[in-house]
Structure formats: C-alpha cells, structure tokens
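Morning, everyone. Please have a look at the model on the screen, and keep it open while I talk.

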Amino acid sequence: MSILAKLRCVTLDVTGTLIAYRGELGDYYCMAAKAVGLPCPDYKRVHEGFKLAYTDMARKHPCFGFAEKMPNIVWWKTCVRDSFVKAGYDYDEETFERIFKRIYATFGSSAPYTIFPDSRPFLRWLRTKGLKVGLVSNAEYRYQDVILPALGLNQGSEWDFGVFSGLEGVEKPDPRIYQIALEKAGNIAPEAVLHIGDSMRKDYLPAKSVGMHALLLDRFNTPDAENWRKSGATVLPDLVAAQDWLTNSAQLDC
C-alpha cells in the first residue's frame with residue numbers, strides 16, 4: 001500500500017513551498033521612491049531596516065494586529081514607515097504616504113511573487129486522488145483573497161481550505177494553527193494528514209507535535225537540510241519528488 005492510500009488530507013506551507021518572492025525587497029521600495037521623484041534607497045539598509053521593523057511589529061502586534069482588530073493597512077503602514085526610519089530615511093508625511101500607497105498596492109498583487117512550476121500540478125493531482133488540500137501560512141488576508149488567486153492558485157480547484165494567521169489570530173510555530181487546520185479539514189484524525197513545508201521550526205516540528213505527519217522541501221539547497229535529514233526528517237527537493245514519494249513509498253514514518 002502506498003503512502004497516498006493512508007492519507008485523507010495534505011496541508012502545505014505557502015511561501016517557500018508553493019510560491020517565492022520575485023527579486024529583492026529593495027527593488028520595490030526603490031521603485032516606489034523613484035515614482036515620487038526621490039533617489040533609490042540603499043538596498044542593504046532598507047532590507048535590514050525592514051527585518052528589524054517587521055520583527056518589532058510581529059512582537060508588539062502579532063498576527064497582523066488580529067487581537068486589537070488593527071486594520072491591515074495600518075499594520076503595514078507602521079511597519080513600512082519604521083523600515084525606512086531604521087534605514088535612515090525619515091520622509092515627511094505627504095511623501096511617505098505617496099511611497100507607501102505604491103508599496104502596499106504592489107505587495108497586495110501578484111507582482112512580487114512567482115509560483116513554482118510544480119505547485120499547481122501537484123495540488124490538482126492531490127485533489128484528483130480524493131485528498132483534501134489545505135494551506136497553512138503566516139500571512140494576512142490578501143494572500144487568500146488576492147495574491148494566490150492572481151497566481152492561479154484558487155480555492156476550489158487547487159486547494160480546499162486555508163488557515164492564514166492574519167485571519168485566525170494564531171501563527172506558526174504555534175501548534176494551534178495546525179489544530180485549526182485539522183478542524184477545517186473536517187476533524188480528520190491527525191495521523192491521516194501530511195503537512196509539507198520548508199521550515200523545521202515552523203512546519204515540521206509543530207505539525208508533528210499535534211500528531212500529523214510532515215516532510216520538508218529543500219528547494220534552495222538550505223545549509224540546514226543535512227541536519228534535518230540527520231534528525232530523521234524526510235527532506236525532498238521539490239513537489240515532483242513529493243508526488244513520486246507519495247505514490248511509490250510504503251512507509252509513512254515522517
């Protein structure tokens with residue numbers, strides 16, 4: 001009996017597993033600044049500023065401000081402004097507003113993302129096999145409502161249900177996000193569910209902690225991948241390999 005026959009549902013991470021960022025953060029911040037007649041900000045400073053600002057916002061207002069009912073645009077406006085300030089760019093209010101509108105619109109579209117060529121075929125293949133397909137992502141509502149559909153990943157044809165941290169108020173690596181996924185799948189027993197992601201900390205370990213099976217993708221030759229394998233995790237290069245593994249392997253010990 002193949003692994004596939006033992007499963008009723010497969011859940012997947014989104015960024016790094018199904019889609020990836022196109023280019024660098026600095027590309028989009030630079031374009032926004034140049035569009036209002038300003039010089040291009042320094043890429044490295046902006047990137048480091050964003051990492052600091054995002055980490056700070058996620059700590060103070062987790063899940064994109066879910067608990068405080070903070071509007072999504074307010075969360076991102078605070079984060080983007082702080083990114084620029086930490087990078088050494090303190091624009092006046094009018095100038096920043098013009099820059100921010102462009103950045104917010106860009107990241108609410110498919111422009112900064114690319115879909116891996118094996119993603120859509122794999123998701124559709126799972127559904128033809130009678131499996132429920134769920135997405136589990138630390139993302140806000142625009143992933144579900146705008147970005148994924150614009151990339152051709154549609155609810156009903158590529159996936160059945162989504163668990164997005166900005167809509168649920170819980171985020172990976174909190175195991176509760178996987179418990180929510182099990183509920184949305186129809187209270188399927190965790191031992192009949194496989195989760196696929198690209199992070200040991202956010203995907204593999206918390207999924208396993210609730211009783212699900214899990215495997216990791218190593219699309220970018222991550223230095224940590226060898227340690228993942230040594231720890232006993234199943235690590236595959238892409239979803240083509242995952243499909244082959246699901247079809248031809250008999251042991252579900254991941």
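Rings of Phe, Tyr and Trp (its six-membered ring) pair if their centres lie within 6.5 Å; planes under 30 degrees apart count as stacked, over 60 as edge-to-face and the rest as tilted. With that rule, a search of the whole structure gives 17 aromatic pairs.

Before I pick some out, a word on the source. This is a predicted model, where local features need pLDDT of at least 70, side-chain atom pairs count only at pLDDT 80 or more, and totals for chains, interfaces and linings use all residues. Residues are numbered from 1 along each chain as its sequence is written, and side-chain values use heavy atoms, with hydrogens and water left out.

Back to the rings. Take Tyr29 and Phe84. Their ring centres are 5.1 Å apart and their planes meet at 45 degrees, so this pair is tilted. Where do Tyr29 and Phe84 sit in the chain? Tyr29 is in helix H1, Phe84 is in helix H4 (residues 72-86), and 55 residues separate them. Helices here are DSSP runs of H or I with at least four residues, strands are runs of E with at least two, and both are numbered from the N terminus.

Are these two buried or exposed? Buried means under 20% relative accessible area, exposed means over 50%, and partly exposed is in between (1.4 Å probe, protein chains only). Tyr29 is buried, at 2%. Phe84 is buried too, at 1%. Phe84 also pairs with Tyr91, and that pair is edge-to-face: 5.2 Å from centre to centre, with 70 degrees between the planes. Tyr91 has 16% relative accessibility, so it counts as buried.

There is also a cluster. Phe50, Tyr54, Phe64, Trp75 and Trp76 make up one aromatic cluster.

Some rings have a charge over them. The rule: NZ of Lys or CZ of Arg must be within 6 Å of the ring centre and within 35 degrees of the ring normal. The charged end of Arg81 sits over the ring of Phe96, 4.2 Å from its centre. Likewise, Arg219 has its charged end over the ring of Phe116, 3.9 Å from the centre.

Now the cysteines. A disulfide is a pair of cysteine sulfur atoms within 2.5 Å. How many disulfides does that rule give? The count is 1. The partners are Cys30 and Cys40, with sulfur atoms 2.0 Å apart. Cys30 is in helix H1 (residues 25-35), while Cys40 is in the loop between H1 and helix H2 (43-60), 10 residues away. Cys30 is buried at 8% relative accessibility. Cys40 is partly exposed, at 34%.

Cys63 is buried, at 5%. Cys63 belongs to helix H3 (residues 62-65).

Cys63 takes us to the backbone. Most residues other than glycine have a negative phi, and most peptide bonds are trans. The phi of Cys63 is positive, near 55 degrees. Lys69 also has a positive phi, near 55 degrees. Lys69 is in the loop between H3 and H4, and it is exposed at 73%. Further along, the peptide bond from Lys172 to Pro173 is cis, with omega near 10 degrees. Pro173 is in the loop between helix H8 (165-168) and helix H9 (176-184).

Next, the inside. A nonpolar core is a set of buried Ala, Val, Leu, Ile, Met, Phe, Trp, Tyr and Cys residues joined through side-chain atoms within 4.5 Å. The largest has 59 residues, and Leu12, Ile19, Tyr29, Phe84, Phe122, Ile196 and Leu246 touch the most other members. Apart from it lies another core of 25 residues, including Phe161 and Val170.

Last stop: helix H6 (residues 119-128). Its buried residues are Ser119, Phe122, Leu123, Trp125 and Leu126. Down the axis of H6 they fall within an arc of 160 degrees, so they line one face of the helix. That arc is of the directions from the helix axis to the C-beta atoms. What do these residues pack against? Contact means heavy atoms within 4.5 Å. Their partners are strands S1 (9-12), S3 (113-115), S4 (132-137) and S6 (193-197), plus helix H12 (239-248). Just after H6, Gly130 takes a positive phi of about 85 degrees.
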